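The sequence and structure come next.

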Amino acid sequence: ISDEERAVGKKDSVRKGKDLEDMILEKFAKVHGCEKPIKPQHMYQICSAEYLTANFDGVMREADCYIPVECKFVTTFGDKYYDRDVAYEREFPVDYIGHSGVIAFPKDDVIKMCEARAKHYGIPAYYYVQIQQQMLGLGSPYGYLAALHDKGWELCIYKIPRDEDVIHAIVVTGYKVSSQIEKRRT
């Protein structure tokens, strides 16, 4: 773990999110109308890309598949990076505007593609990629981001479909980075 990663782990919002994970999973189950997802305790290596790992906040069984449930505590500052109007489910429902399906964007700029698709689903790009990596590990057709917004103290659930373009970019980039690390070790 780098000094930068240690510093991130010490942030108030990160510590709050970690402390609230269990409660977020409980609220998710209530809003989504399901059993509470399990909280795996280990980091998992992805079999199809052994240089990649995934850490799951929650995993549930739905539609005969394992589905990741990523928990986030959204600070008032971070709220601007979410669009609650496109949330799949909300604790305090409003008229549904949400989106479905993967939208097409030019594949030549992976970062812009991730940013555009994440915005389409109402979440930050970093978390869009994180959920895609978790779906790769579980073989899931979709995943959920359960975001507890501090502003209004509302849980919003964002349903994110599997995105093969982004998953491919994760696998290729992960391989390049792991190869560079191996070269430095020898």
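## Terms and basis

Buried means under 20% relative accessible area, exposed means over 50%, and partly exposed lies in between (1.4 Å probe, protein chains only). Helices (H or I, at least four residues) and strands (E, at least two) are DSSP runs, numbered from the N terminus.

The model is predicted: local features need pLDDT of at least 70, side-chain atom pairs count only at pLDDT 80 or more, and totals for chains, interfaces and linings use all residues. Residues are numbered from 1 along each chain as its sequence is written, and side-chain values use heavy atoms, with hydrogens and water left out.

## Helix H4

H4 spans residues 125–138, 14 residues in total. From first C-alpha to last, H4 reaches 20 Å. That is close to the expected 20 Å at 1.5 Å a residue (1.5 Å times one less than the number of residues).

Which residues of H4 are buried? They are Tyr128, Ile131, Gln132, Gln133, Gln134, Met135 and Leu136. Their cover includes strands E2 (53–55), E4 (65–74), E6 (142–149) and E7 (154–161). Helices H3 (110–121) and H5 (164–185) are also among the covering elements. Contact here means heavy atoms within 4.5 Å.

Most residues other than glycine have a negative phi. Ala63 has a positive phi, near 55°. Ala63 is found in the loop between strand E3 (58–62) and E4. Ala63 counts as exposed, at 59% relative accessibility.

Trp153 also has a positive phi, near 45°. Trp153 lies in the loop between E6 and E7. With a relative accessible area of 37%, Trp153 is partly exposed.
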